Amino acid sequence: SPAASCPKVCIVGGGPAGFYTAQHLVKTRPDVQVDIYERLPVPFGLVRFGVAPDHPEVKNVMNTFTQTAQHARCSFHGNVSVGKDVTVQELQEAYHAVVLSYGAEGNRTLGVPGEDLAGVHSAKDFVGWYNGLPTNRDLRPDLRCETAVILGQGNVALDVARILLSPVDILKNTDITQPALDTLAESSVRRVLIVGRRGPLQLACTIKVRPRKRLTELLLKVAVETPEETELERRNSAKRAWGFRFFRSPVEILPSDDLTRAAGIRLAVNRLEGEGEDVWAVTTGEVEDVECGLVISSIGYKSLPIDPAVPFDPRKHIIPNTMGRVQKCAGLYCSGWVKRGPTGVIATTMNDSFDTARTLLHDMDEGTLDISTVKPGSAGVTTILEKRGVKPVLFSDWEKIDSEESKRGEARGKPREKLLDVGEMLKVAWT
Ligand code: FAD
């Protein structure tokens, strides 16, 4: 049949990179079949588990992804962990091409003494906790302290600061999980310091209006302008406050007297060397101690190797590739954070995924990617998974989870109340 002989592509990872790659492939080539394999029973990656609950407009991309998943030549198979339930080599045998879009699930560590104390968390875990990532369900951060220190000054750091300081009245109608909302309602955190190695001109966070000049103007305005009276009054009466702390690097997390948890942080005071874009921080020898009961390190995510058969750059933490072609591996491609590193917004990931799709289609057209043989596609993989006792969650199964979550959310005035447990997700999906 024509379907049996059509080009078959599979994608590993059901986040933005996976969905945008699939979208471009099915839209551009009328005969290609694309199957997405995702470890979790639920799709959308960091759009569901990363993007802050008080930024619902960002999550509208899920509608576009849903359209792709419902395309006649696209399918979604959740609850399949590639590298464990099925190997990359097995996928390569079943498909003409495999695209690795599995994101960046590791995080960079601080490498300072005291990092393992209670009260010290990575932003990745903290974000996963308030967004309902099953692995972070039991994080239960202790928020009974006045001051929190966030290390790193990127957009994720700002998300975390906002969630820590926002009145729960603002958060209660978002899709933040109920346990997180309950914990935040009891929080004693009043002050959040967002610490960066370098200065205001090197700030890593961005604003919607792109140019750095605009961001610098904004910072200057806040720093030097005296606000008008009502604004001054508002600021002086604020119960909660935050601020950037520039030119500081963590040296050590200081323990409480009984050595059980974090009670402060020692920061080295830095100065800058170099010029223009190319400046770096060097320590001055001076240190400063800040009392705090919560330390959140937000110094970046990193990709992890998925399978010994796939090359991995252990220094850059990405899959080495040229325009999305995995180096020295015919038929293997990559897109998204695992291709270029964990930076950039969803739109950056979209462009980069379209690029990979274009590369792949070009290789099909040129014949450097062999599509002349008949491949079994998902039928082959399903047989392998069945033998291993793994049952995929299809997109229609996810829709059951989705409507259950919406139903539970409705009762609380939220867009959804996320299921937090994989077992429960599977139960809802298959009944
Ligand atoms: P991911 O979104 O991480 O998707 C990877 C997928 O692969 C996941 O679903 C994962 O479960 C799956 N996977 C992993 N391993 C396997 C495996 N072995 N087998 C099968 N599947 C696997 N961008 C914006 O534009 N606006 C924002 O407000 C915004 N907020 C953000 C907040 C946070 C905290 C973070 C971390 C990022 C944010 N971003 C935001 C950036 C955006 O989320 C990324 O650009 C985008 O998600 C990267 O897409 P990806 O598909 O490469 O990775």
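Over residues 8-166 the chain is 33% helix and 18% strand, and the end C-alpha atoms lie 47 Å apart; helices (H or I, at least four residues) and strands (E, at least two) are DSSP runs, numbered from the N terminus. This is a predicted model, in which local features need pLDDT of at least 70, side-chain atom pairs count only at pLDDT 80 or more, and totals for chains, interfaces and linings use all residues. Residues are numbered from 1 along each chain as its sequence is written.

**Annotation**
- An unreviewed UniProt entry lists residues 8-166 as "domain: FAD/NAD(P)-binding".

**Nonpolar cores** (sets of buried Ala, Val, Leu, Ile, Met, Phe, Trp, Tyr and Cys residues joined through C-beta atoms within 7 Å)
- The largest nonpolar core has 58 residues, of which Val9, Ile11, Val34, Leu91, Val98, Val99 and Leu100 touch the most other members.
- Helix H2 (residues 16-28) supplies the largest share of this core, six residues.
- Apart from this core lies another, of 42 residues, including Val51, Ile194, Val195 and Cys292.
- Not counting residues up to four places away in sequence, Val98 touches Cys10, Val12, Val88, Leu91, Gln92, Gly331 and Leu332; contact requires C-beta atoms, placed from the backbone, within 7 Å.

**Leu294**
- Leu294 lies in strand S13 (residues 294-297).
- Leu294 counts as buried because it has 25 C-beta neighbours inside 10 Å (buried: 20 or more other C-beta atoms within 10 Å; exposed: 12 or fewer; partly exposed: in between).
- Leu294 touches Gly119, Pro141, Leu143, Cys145, Ala148 and Val189, not counting residues up to four places away in sequence.
- The C-alpha atoms of Leu294 and Glu417, 123 residues apart along the chain, are separated by 27 Å.

Notes
Two residues are in contact if their C-beta atoms, placed from the backbone, lie within 7 Å. UniProt positions are given in the numbering used here, feature names are shortened, and annotations may be inferred rather than shown by experiment.
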